[in-house]
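Subject: Structure for your review

Hello,

Please find the structure below, followed by notes on what was found in it. Read them with the model open beside you.

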Amino acid sequence: MELKYFDTVADCGFAADIHRLLVLADKEFIPPLSARGSSTQQNLTGTEAVSEGAKAYYAAMSTQPVVVAVENDRCYGFMAFKKDYTCEYYEKLPNLYASTCVVHPDTRGQGLMGRFYQKMIDLFPECSVYTRTWHTNISHLKVLDKLGFTLLTRLPDHRGPGMDTVYYCRESK
């Protein structure tokens with residue numbers, strides 16, 4: 001599968017595929033993507049849908065750069081990110097904040113998430129890369145560990161009772 005970089009989700013030519021992937025994976029995220037208004041939303045304790053089919057989330061994400069996995073003119077996964085986005089847990093510039101990664105269920109287990117991160121690192125070697133996830137997202141945490149990411153902070157119960165948010169970073173070389 002070929003990885004391609006585009007300046008925005010909206011202009012990548014795979015926007016419909018990306019939206020379908022968001023809808024497909026919506027409930028796999030904690031909280032669901034349909035319960036979020038953006039990829040940088042700080043309050044993650046709500047679980048009520050704010051938009052059907054993660055439309056608000058997609059709309060906010062559509063201006064972000066993206067790396068897509070393509071085969072036979074179809075997108076099987078993507079990683080959207082923000083350049084030089086800072087939050088209270090990471091303020092170092094230049095950086096890339098990996099906000100959203102979805103891989104189609106049929107292509108999971110093939111290392112695409114790691115390849116997405118590596119592509120970002122290769123494209124922007126001057127940038128540190130950071131992300132957040134929930135503490136039980138084991139497949140994501142394994143990829144971060146393999147690529148040398150380190151824990152920045154853990155926010156207990158940030159996504160609800162017993163569901164912590166964890167921030168990880170890989171500093172630029």
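Helices (H or I, at least four residues) and strands (E, at least two) are DSSP runs, numbered from the N terminus. This is a predicted model, in which local features need pLDDT of at least 70, side-chain atom pairs count only at pLDDT 80 or more, and totals for chains, interfaces and linings use all residues. Residues are numbered from 1 along each chain as its sequence is written, and side-chain values use heavy atoms, with hydrogens and water left out.

Overall fold

The protein chain holds four helices and seven strands. Read from the N terminus, their order is β-α-α-β-β-β-α-β-α-β-β. The radius of gyration (taken over C-alpha atoms) is 15 Å, close to the 16 Å that the globule rule gives for 173 residues, so the chain is as compact as a globular protein of that length. The globule rule is 2.2 Å times the number of residues to the power 0.38. Along the principal axes, the C-alpha atoms fill a box of roughly 45 × 40 × 30 Å.

Of the 173 residues, 54% are buried; buried means under 20% relative accessible area, exposed over 50%, and partly exposed in between (1.4 Å probe, protein chains only). Among contacts (heavy atoms within 4.5 Å) with a separation of 6 or more, 61% are between residues 24 or more positions apart. The accessible surface of the chain is about 8200 Å², and 50% of this belongs to carbon and sulfur atoms. Areas come from the Shrake-Rupley method with a 1.4 Å probe; for residues, only the protein chains shown count as cover.

Two helices

Helix H1 (15-25) has Ala15, Asp17, Ile18, Leu21, Leu22 and Ala25 as its buried residues. These cover an arc of only 160 degrees around the axis, which puts them on the same side of H1. The arc is that of the directions from the helix axis to the C-beta atoms. The buried residues of H1 pack against H2, S2, S3 and S4.

In helix H4 (residues 138-146), the buried positions are His140, Leu141, Val143 and Leu144. Down the axis of H4 they fall within an arc of 160 degrees, so they line one face of the helix. Ser139, Lys142, Asp145 and Lys146 are exposed on the other side of H4. The cover over the buried residues of H4 includes helix H3 (112-123), strand S5 (128-134) and strand S7 (165-170). Just after H4, Gly148 has a positive phi of about 85 degrees.

Backbone points to check

Most residues other than glycine have a negative phi, and most peptide bonds are trans. Ile30 and Pro31 are joined by a cis peptide bond, with omega about -10 degrees. Pro31 sits in the loop between helix H1 and helix H2 (55-61). The bond from Leu93 to Pro94 is also cis, with omega near -5 degrees, and Pro94 lies in the loop between strand S3 (74-83) and strand S4 (95-103).

Asp73 has a positive phi, near 60 degrees. Asp73 belongs to the loop between strand S2 (66-71) and S3 and is exposed, at 71% relative accessible area. For Asp157, phi is likewise positive and near 60 degrees. Asp157 is in the loop between strand S6 (150-155) and S7, and counts as partly exposed at 43% relative accessibility.

Regards
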